[in-house]
Amino acid sequence: KRRHSGRYKAARHVLAVEMSAALGAAAPAAPRPKPYADATGIFAKLIKLLPLATDEEAATFERRARRFTRRLGPLSLGRLVDDRRRPILWYACDIDDHAALEILLDQGCALSAFVPTADGPSPYEHAHRLGHARIAETLKGWAHRELADVMDDGPAAQRARHEEARALLRRPKRRDDSLAAVCGGGWAC
């Protein structure tokens, strides 16, 4: 299979746009500029896609983020920072990209939302200073969720689960219990 150079592809794109204009087709609206197109580093493939303009870009971004977390662990994307200690979440907050923010939060980046960068402000503070209210509110909502998870998993909850497990172990085992566990309680087994 022959690979074409970037110039060849660009020339074909220009020709296609000129032909569609000649045929009377409306030219598509100019996409939002990609401010981090020249980014380098370990998460450059993700940053280069920001801001997410189309559903296809969002799907690609989510696929790459999932692949990253699958390879390096569930919280790895949140811990990864650039040379100025800015997490990838900071970039989504910087350009007010709510779709990217939601994807990153789903991939475990919530813990980095309130950690200050080398420049000073955390992604949450940065979004708040820039006036990105929707981003700031989303981060605050995730903070409440994360805090609730931590509080639900506190010592009292752990003790209750431990006592429940201990009670199950003390209970005499019956044949019906093991059969119900295998069959789901139905008579179809």
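I began with R85, which I found in the loop between helix 4 (76-79) and helix 5 (88-94); helices here (H or I, at least four residues) are DSSP runs, numbered from the N terminus. I worked from a predicted model, in which local features need pLDDT of at least 70 and side-chain atom pairs count only at pLDDT 80 or more, while totals for chains, interfaces and linings use all residues. I noted that residues are numbered from 1 along each chain as its sequence is written, and that side-chain values use heavy atoms, with hydrogens and water left out.

I then looked up the backbone of R85, which is not a glycine and yet has a positive phi of about 60 degrees. I reminded myself that most residues other than glycine have a negative phi, and that most peptide bonds are trans. R85 counts as partly exposed, at 48% relative accessibility; buried means under 20% relative accessible area, exposed over 50%, and partly exposed in between, with a 1.4 Å probe and protein chains only.

D96 is not a glycine either, and its phi is positive, at about 60 degrees; its relative accessibility of 35% makes it partly exposed.

I also looked for a cis peptide bond, and found one joining L50 and P51, with omega about -5 degrees. P51 sits in the loop between helix 2 (44-47) and helix 3 (55-72).

Last, I checked the cysteines: a search of the whole structure finds zero disulfides, a disulfide being a pair of cysteine sulfur atoms within 2.5 Å. I recorded C93 as buried, at 0% relative accessible area, and C109 as buried, at 0% relative accessibility.

Technical notes: Helices (H or I, at least four residues) and strands (E, at least two) are DSSP runs, numbered from the N terminus.
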